[in-house]
Amino acid sequence: MKKTALIVAGGQVDAGQLAEQARQVRSEGGLLIAADRGLEALRRLNLRPDAAVGDFDSVSEETLAFYTADPAIRFERHRPEKNESDTELAFCIAREEDVKEVRILGATGTRLDHVLANVHLLKEAFDLGMDCCLLDSHNRLRLAAGRTVFRRAECPYPYISFVPLTMEVTHLRLSGFKYPLYDHHMVLGVECGHCISNELAEEVAVLEFAEGLLLAIESKD
């Protein structure tokens, strides 16, 4: 079984989703990592992280005192003036622990700059050969490269969209989808609507393309 890490970042976190994801990761023997304000989300559910990292400028002194009193938790406190975001620092801990799959909660929210930076963590994970996704109560975001299979039994999201992360995505083919495509050429900023709000039409659907990178966004509404 591949080693998994759940990173809880400082964006919007659904308590029920956090509880379920934490349960899954713990059952797999994985890691729970708090990135700055993600520590507050864990405190509300009385969840204990394996590690916590950030400048903690968005964490109450009460929460900090509660967790720093536990010597089993790895704490890394950084100065606010740093190059990495708190979520990226948490990702670095997962990488050091030789994690093969990373799930990030709290990666989306009102700070669009942080959202986009977190999307780019998907590319860093891809380059390292790690599976990575961003999760919130409505969406799952993953990076697709070359060929990706979607199975209805494993996909609770009714809508799937594909957005290019490279200047070009060539020879794009969608089979098993409500709106199929055959040998489509996508250019960044042009005709992206062709791949928005698609749906599975069969039990198994396949995305294929020759060159480029796509962001696969599965959505509930």
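A: Contact here means heavy atoms within 4.5 Å, and helices (H or I, at least four residues) and strands (E, at least two) are DSSP runs numbered from the N terminus. This is a predicted model, in which local features need pLDDT of at least 70 and side-chain atom pairs count only at pLDDT 80 or more, while totals for chains, interfaces and linings use all residues. Residues are numbered from 1 along each chain as its sequence is written, and side-chain values use heavy atoms, with hydrogens and water left out.

H4 is mostly covered, with eight of its eleven residues buried. Buried is under 20% relative accessible area, exposed over 50%, and partly exposed in between (1.4 Å probe, protein chains only). The buried residues of H4 are Asp86, Thr87, Leu89, Ala90, Phe91, Cys92, Ile93 and Ala94.

Cys92 counts as buried because its relative accessibility is 16%. The whole structure contains zero disulfides, a disulfide being a pair of cysteine sulfur atoms within 2.5 Å. Cys92 accordingly is in no disulfide, and the nearest cysteine sulfur, which belongs to Cys132, is 12 Å away.

Just after H4 comes Asp98, with a positive phi of about 60 degrees. Asp98 is not a glycine, and it is found in the loop between H4 and S5. With a relative accessible area of 48%, Asp98 is partly exposed. A positive phi of about 60 degrees also occurs at Ser197, again not a glycine. Ser197 is found in the loop between strand S11 (181-187) and strand S12 (204-208), and its relative accessible area of 39% makes it partly exposed.

Asp131 in S6 is the bridge partner of Glu101. Four of the five residues of S6 are buried.

Glu101 also belongs to the lining of the largest pocket, where Glu101, Cys132, Cys133, Arg140 and Arg142 lie nearest the centre among 28 lining residues. A pocket is an open set of points on a 1 Å grid over the protein atoms alone where a 1.4 Å probe fits, with protein on both sides within 12 Å along at least five of seven lines, and lining residues have an atom within 4 Å of a point. The volume of the largest pocket is about 640 Å³, and helix H1 (15-27), S5, H5, S6 (131-135) and strand S7 (139-144) each supply at least two residues of its lining.

The second largest pocket holds about 440 Å³. Gly10, Gly11, Arg37, Arg111 and His114 are the closest to its centre of the 24 residues that line it. H4 and H5 are the elements that give two or more residues to that lining, and H5 gives the most, with three. The lining of this second largest pocket divides into four nonpolar, twelve polar and eight charged residues.

Key
Grid points are joined across faces, edges and corners, and a volume is the space filled by probe spheres set on the points. Ala, Val, Leu, Ile, Met, Phe, Trp, Tyr, Cys and Pro count as nonpolar, Asp, Glu, Lys and Arg as charged, and the others, Gly among them, as polar. Two strands pair if DSSP finds at least two bridges between them.
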